[in-house]
Amino acid sequence: MLSLQIGPLALPTGLVLLFVSLCVAYGAAWSLRRYRQQPDAGPLVSDMLIAGLLAARLAFVLRWHEQYLVAPWSIINIRDGGFLAPAGIAAALAIAAWRCRRPAMAAMRRPLAISVATGALAWGVLSAGISLAYDKPTALPAVALQALDGAPVTLAALASGKPMVVNLWASWCPPCRREMPVLAAAQQARADIVFVYANQREDAAAASAFLERSGVTLRNVLLDSEAALGKAAGSSALPTTLFYDAQGRLIDTHLGELSDASLASKLQKIAPSGSL
């Protein structure tokens with residue numbers, strides 16, 4: 001499941017899990033301070049979080065620096081989801097080890113370890129629960145779609161044994177409109193990958209009018225009038241982009257706006273021999 005519906009809001013599942021896990025970690029730190037008279041580990045948990053996020057973003061920017069150099073302002077646009085988790089985890093643990101190295105901080109080690117472990121356990125349990133409650137699709141959905149001229153189309157027929165990128169979008173969605181030039185450029189540059197743009201719940205007139213206004217040239221624009229692809233992927237938020245390898249297996253997903261760098265990082269997973 002890529003997103004969770006909370007009232008009128010569709011929030012990324014990963015973001016919700018991070019928030020809940022942090023609340024659990026802070027709650028554990030508060031309980032240890034309140035009832036066990038242990039040092040308050042909450043501020044150090046915050047320092048670990050900040051260091052981890054900054055390191056994860058910096059590592060991603062360095063890895064894809066060529067894409068970011070073209071538009072340096074995009075480095076601060078964290079909406080593209082460009083983070084390298086291993087670098088963030090390493091930085092968070094390094095901060096904790098550095099801060100607790102002195103004998104004077106020895107009393108902080110136990111409450112910090114308990115708080116971090118409790119938050120990590122909450123993440124694991126919730127992730128496992130969501131995985132058990134929702135069967136993640138692993139292959140191209142056998143969904144009936146339509147071309148703009150009304151002809152029936154299937155994803156498998158379009159893929160023809162190539163890796164495939166399926167972008168779920170709508171003309172009323174601002175981040176969908178912002179990322180279209182990025183996807184269009186990639187479609188022009190990567191003949192080894194099939195790009196599909198599945199419009200969600202709009203008719204051919206609305207989709208065609210948007211494409212004409214935007215001036216973006218796209219191939220394989222399809223209509224998904226029942227949002228069947230979004231339901232299959234477990235996402236009610238737009239834009240959502242699905243990445244399949246040449247065998248039709250779902251390798252990665254992206255919820256939200258793509259940048260040149262975040263798109264390049266995803267394409268490498270399904271067609272590592274190419275370059276954007």
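Student: How far does helix α1 (residues 13–35) reach from its first C-alpha to its last?
Tutor: This is a predicted model, where local features need pLDDT of at least 70, side-chain atom pairs count only at pLDDT 80 or more, and totals for chains, interfaces and linings use all residues. Residues are numbered from 1 along each chain as its sequence is written, and side-chain values use heavy atoms, leaving out hydrogens and water. Helix α1 has 23 residues, with 33 Å expected at 1.5 Å a residue (the expected span is 1.5 Å times one less than the number of residues). The reach is close to that, at 32 Å.

Student: Which residues of α1 are buried?
Tutor: Buried means under 20% relative accessible area, exposed over 50%, partly exposed in between, with a 1.4 Å probe and protein chains only. An α-helix has 3.6 residues a turn, so residues three or four places apart point the same way. The buried residues of α1 are T13, V16, L17, S21, L22, A25, A28, A29 and L32.

Student: Is Q37 buried or exposed?
Tutor: Q37 lies in the loop between α1 and α2. Its phi is positive, about 55°, although it is not a glycine. With a relative accessible area of 62%, Q37 is exposed.

Student: And A227, buried or exposed?
Tutor: A227 sits in the loop between β7 (221–224) and α9. Here too phi is positive, near 55°, in a residue other than glycine. At 10% relative accessibility, A227 is buried.

Student: At what angle do the axes of helix α7 (residues 174–189) and helix α10 (residues 260–270) cross?
Tutor: Axes are lines fitted to C-alpha atoms, for helices over the stretch in contact, and angles run from 0 to 180 degrees between N-to-C directions. These two axes come within 10 Å. The pair is therefore oblique (under 35 degrees is roughly parallel, over 145 roughly antiparallel, 65 to 115 roughly perpendicular, the rest oblique). The crossing angle is roughly 45°.

Student: Which residues of α10 are met by V182, L183 and A186 in α7?
Tutor: By class, this contact has five nonpolar, no polar and one charged residues. Ala, Val, Leu, Ile, Met, Phe, Trp, Tyr, Cys and Pro count as nonpolar, Asp, Glu, Lys and Arg as charged, and the others, Gly among them, as polar. The α10 partners are D260, L263 and L267.

Student: How far apart in space are W169 and T241, C-alpha to C-alpha?
Tutor: W169 is in strand β5 (residues 164–169). W169 is buried, at 0% relative accessible area. Not counting residues up to four places away in sequence, W169 touches C176, M180, Y197, A198, N199, Q200, A207, F210, V221 and L238. W169 and T241 are 72 residues apart in sequence, yet their distance in space is 8.7 Å.

Student: Which peptide bond is cis, with omega near -5°?
Tutor: Look at the loop between α9 (228–233) and β8 (240–244), where P239 is placed. The cis bond runs from L238 to P239.

Student: What percentage of the 276 residues in the protein is buried?
Tutor: The protein has ten helices and nine strands. Its C-alpha atoms fill a box of roughly 70 × 40 × 35 Å along the principal axes. Buried residues make up 44%.

Notes: Helices (H or I, at least four residues) and strands (E, at least two) are DSSP runs, numbered from the N terminus. Contact means heavy atoms within 4.5 Å.
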